[in-house]
Amino acid sequence: MATPGKHRTHLVWDWNGTLLDDIHAVLGATNAAFAEVDLAPLTLEQYRETYCVPIPKFYERLMGRLPTPAEWERMDGLFHRHYTEQRAACGLTEGVEELLVRWLSGGRSQSLLSMYGHEHLVPVVRGYGIERHFVRVDGRTGPSGGSKALHMERHFEVLGGIAPESAVVIGDAVDDAVAAAHVGARAVLYTGGSHSRSSLEAAGVPVVDTLAEAVALAELMAD
């Protein structure tokens with residue numbers, strides 16, 4: 001993996017829906033799981049307008065009630081089974097490798113924090129050939145479906161002296177902005193993933209349509 005840069009600015013990248021262009025796999029897996037529990041399928045627009053974390057609240061919006069623990073466990077398992085099948089066809093978001101390389105060439109550092117399970121995330125990132133660009137790659141440990149805030153806290157604890165105040169989080173979900181605020185970092189949200197633009201704008205942080213715009217904003221925000 002890369003070593004920290006000499007400049008203070010640090011990027012924390014999200015994975016699903018941000019660096020990995022997998023929203024159609026996520027939607028396909030969601031609808032495949034829904035078909036097995038007699039829920040109606042969603043369009044991409046409906047998904048982006050409805051999605052939230054913790055994910056049981058997302059299901060509550062669709063079912064009219066919170067799923068029981070047993071229902072949640074089944075639905076989560078179904079989603080991940082279908083997602084694993086569909087993820088293999090996904091590529092990186094356009095321009096990702098160039099952006100990662102350019103950030104490093106400026107003497108800066110970057111890391112990756114995802115709510116995808118850690119034991120699955122690391123080999124997947126390695127398989128896309130970009131692991132070397134990050135000082136650290138962290139996935140979720142513990143139960144799925146929750147917020148990224150405490151994971152962000154732990155991420156900075158092990159980053160080796162990188163201060164959250166000197167970092168910008170780039171992600172596709174309102175929860176990325178919530179997690180950034182939790183540790184005192186800034187955030188830029190990208191419209192290519194799980195949320196509609198209007199949902200992202202409600203988070204009160206900059207919202208962009210490309211990752212190149214996100215990086216350009218991060219340079220202005222943190223330098």
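Student: Which residue takes a positive phi just after helix α5?

Tutor: In this predicted model, the residue is G107, whose phi is about 85 degrees.

Student: Which residues of α5 itself are buried?

Tutor: Helix α5 spans residues 96–105, and its buried residues are V96, L99, L100 and W103. The general idea is that an α-helix has 3.6 residues a turn, so residues three or four places apart point the same way. In this case, the four buried residues of α5 lie on the same side of the helix, because the arc they cover around the axis is only 100 degrees. On the face turned away from that buried side, the exposed residues E98 and S105 are found.

Student: How should I read helix α7, and which of its residues are buried?

Tutor: Within α7, residues 149–157, the buried ones are A149, H151, M152, H155 and F156. Their arc around the axis is only 160 degrees, so they too share one side of α7. Among the elements covering these residues are the strands β1 (10–13), β4 (109–117), β5 (137–140) and β6 (167–171), together with α8 (174–183).

Student: Strand β1 holds H10. Is H10 buried or exposed?

Tutor: H10 counts as buried because its relative accessibility is 0%. Leaving aside residues up to four places away in sequence, H10 touches S109, Q110, S111, V135, L159, I162, S166, A167 and V168.

Student: Which residues touch the most other members of the largest nonpolar core?

Tutor: The general idea is that, in soluble globular proteins, nonpolar side chains tend to be buried together. Here the largest nonpolar core has 49 residues, and those touching the most other members are W13, W15, L19, F58 and F134. Helix α1 (residues 23–36) supplies the largest share of this core, seven residues. A second, separate core has 18 residues, including V135, F156, L189 and L200.

Student: What does L19 touch?

Tutor: Beyond residues up to four places away in sequence, L19 touches W13, D14, L92, T93, V96, L100, L112, F134 and L211. Two of these, V96 and L100, are also among the buried residues of α5.

Student: How are helices α3 and α4 placed relative to each other?

Tutor: The axes of α3 (residues 55–63) and α4 (residues 69–87) come within 11 Å and cross at roughly 100 degrees. The two helices are therefore roughly perpendicular to each other. Residues I55, P56, Y59 and M63 of α3 meet E71, W72 and M75 of α4 in this contact. By class, the contact has six nonpolar residues, one charged residue and no polar ones.

Note on methods
Residues numbered from 1 in each chain as written. Predicted model: local features only at pLDDT ≥ 70, side-chain atom pairs only at ≥ 80, totals over all residues. Heavy atoms only, no water. Core = buried A, V, L, I, M, F, W, Y, C linked by side-chain atoms within 4.5 Å. Buried < 20%, exposed > 50% of the residue type's maximum accessible area, 1.4 Å probe, protein only. Contact = heavy atoms within 4.5 Å. Arc of directions from axis to C-beta. Axes fitted to C-alpha atoms, helices over the stretch in contact; angles between N-to-C directions. Parallel < 35°, antiparallel > 145°, perpendicular 65-115°, else oblique. Nonpolar A, V, L, I, M, F, W, Y, C, P; charged D, E, K, R; others polar.
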